[in-house]
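Colleague: Hello! Shall we walk through this model together, one question at a time?

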Amino acid sequence: MINSINEYLASLKSGTGGPGPATVQDALSDAAEYLSIALETAKKTRPALSEAEALADIIKNYGTPGEVAAAYKVAPAKIEPRTRRSG
């Protein structure tokens, strides 16, 4: 069980190696933003939950670090650079 956003991000960082530093940074930034906002919302709407319990629910929707890392590894391969000019 992941107990903090920092723990999630550390696990995500270790799983995203390979696609390049910009992609890794994007994955980490996106995850940090999503998890922070979702955790803040969870604390307001369900204050009885511990941080770890709230994160477990949030991660079910967002994805595990391994799932997110896999998605970011695939995403750059699907994006074609716009280097050619038409016309």
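Colleague: Which residues are exposed on the other side of α1?

Modeller: A word on the source: this is a predicted model, where local features need pLDDT of at least 70, side-chain atom pairs count only at pLDDT 80 or more, and totals for chains, interfaces and linings use all residues. Residues are numbered from 1 along each chain as its sequence is written, and side-chain values use heavy atoms, with hydrogens and water left out. Buried means under 20% relative accessible area, exposed over 50%, and partly exposed in between (1.4 Å probe, protein chains only). On that other side of α1, the exposed residues are Asn6 and Ser14.

Colleague: And which residues of helix α1 are buried?

Modeller: Helices are DSSP runs (H or I, at least four residues), as are strands (E, at least two), numbered from the N terminus. Helix α1 spans residues 5-15, and its buried residues include Ile5, Tyr8, Leu9 and Leu12. They share a side of α1 because they cover an arc of only 95° around the axis, where the arc is that of the directions from the helix axis to the C-beta atoms. In general, an α-helix has 3.6 residues a turn, so residues three or four places apart point the same way. So the buried names to remember are Ile5, Tyr8, Leu9 and Leu12.

Colleague: How many aromatic pairs does the structure hold?

Modeller: Rings of Phe, Tyr and Trp (its six-membered ring) pair if their centres lie within 6.5 Å; planes under 30 degrees apart count as stacked, over 60 as edge-to-face and the rest as tilted. By that rule, the number of aromatic pairs here is two.

Colleague: What is the angle between the planes of tyrosine 8 and tyrosine 62?

Modeller: This pair links tyrosine 8 in helix α1 with tyrosine 62 in helix α3 (residues 51-62), 54 residues apart. The rings are 6.4 Å centre to centre and the pair is tilted, with an angle between the planes of 55°.

Colleague: Why is the pair of tyrosine 34 and tyrosine 62 stacked?

Modeller: The ring centres are 4.5 Å apart and the planes are at 20°, so the pair counts as stacked. Tyrosine 34 lies in helix α2 (residues 21-45) and tyrosine 62 in helix α3, so this pair ties together parts 28 residues apart in sequence. The value behind the word stacked is the plane angle, 20°.

Colleague: Which residues do ring pairs link into a cluster?

Modeller: Tyrosine 8 is buried at 0% relative accessibility, whereas tyrosine 62 is partly exposed at 22%. The cluster linked by ring pairs is Tyr8, Tyr34 and Tyr62.
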